[in-house]
Amino acid sequence: MAGNGCAVTTYHAAAKVSGRSNTKQGKMSMSERTGGCQCGATRYQVTGEPKQVLACHCTDCQKQSGSAFGLVMVVDEEAFQLTKGSVRSFVSTSDAGREKTGAFCPECGSRIYHLIAWRPGMLSVRAGTLDDTAWLQPTVHLWTSSKQPWVIVPDDVTAYETQPG
Ligand SMILES: [Zn+2]
Ligand SMILES: [Zn+2]
């Protein structure tokens with residue numbers, strides 16, 4: 001009996017090793033989201049669930065996007081991977097006086113993500129660059145003090161006149 005037990009243990013150990021060499025397959029089964037810039041030169045992939053989806057109505061987001069607000073998907077830095085092309089950076093200062101780095105496609109200028117100094121280890125992906133945007137629904141609205149008057153913030157979301165923290 002002792003001999004059989006030993007054989008079983010060996011078998012499990014071998015299975016673990018082969019499992020480890022298949023980590024790529026393991027990642028594929030997790031939730032993955034893909035996106036890219038307007039011209040297609042820069043592409044990315046995000047693994048796992050976003051930490052938060054938010055709308056930012058600050059004047060900096062309005063200026064940068066040329067639109068009414070910024071739509072942001074916050075993810076862990078390591079969950080984000082460029083799969084094609086590269087990005088160039090632009091450093092600016094937010095309405096709260098804090099530094100952030102915007103990364104954009106060098107070909108078409110589409111903003112892909114922001115690296116925000118006060119949120120180390122996290123990326124704010126410009127969520128409109130995702131291939132599938134149908135699921136996006138911001139649960140937090142920031143800087144409603146400078147939002148366009150016609151934007152109606154839903155009752156069931158968290159809204160801040162500026163930003164917390
Ligand atoms: Zn591009
Ligand atoms: Zn903003």
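A residue counts as buried if 20 or more other C-beta atoms lie within 10 Å of its own. The legends below use that cut-off for a predicted model.

**View 1. Strand 9 is mostly covered.** The strand spans residues 122-126. Five of its five residues are buried. Across the protein, by contrast, 25% of the 165 residues count as buried.

**View 2. The side chains of strand 9 point two ways.** Met122, Ser124 and Arg126 point one way. Leu123 and Val125 point the other way. Residues of both sets are buried. In a regular strand the side chains alternate between the two faces of the sheet.

**View 3. Strand 4 pairs with strand 9.** Strand 4 covers residues 70-76. Five bridges join it to strand 9, and the two run antiparallel. One place to look is Asp76, whose bridge partner in strand 9 is Met122. Met122 points the same way from strand 9 as Ser124 and Arg126.

**View 4. Strand 8 and strand 9 form a hairpin.** Strand 8 takes in residues 111-116. Three bridges link it to strand 9, again in an antiparallel arrangement. His114 stands opposite Ser124 of strand 9. Five residues lie between the two strands. In the turn, Gly121 has a positive phi of about 85°.

View 5. Along the sequence, the pattern reads α-α-β-β-β-α-β-β-β-β-β-β-β-β. Contacts between residues at least 6 apart in sequence give a further view of the fold: 53% of them join residues at least 24 apart.

Terms used: Residues numbered from 1 in each chain as written. Chains lettered and ligands numbered in written order. Predicted model: local features only at pLDDT ≥ 70, side-chain atom pairs only at ≥ 80, totals over all residues. Buried ≥ 20, exposed ≤ 12 C-beta atoms within 10 Å, placed from the backbone. Helix = DSSP H or I, 4+ residues; strand = E, 2+ residues; numbered from the N terminus. Pairing = 2+ DSSP bridges. Contact = placed C-beta atoms within 7 Å.
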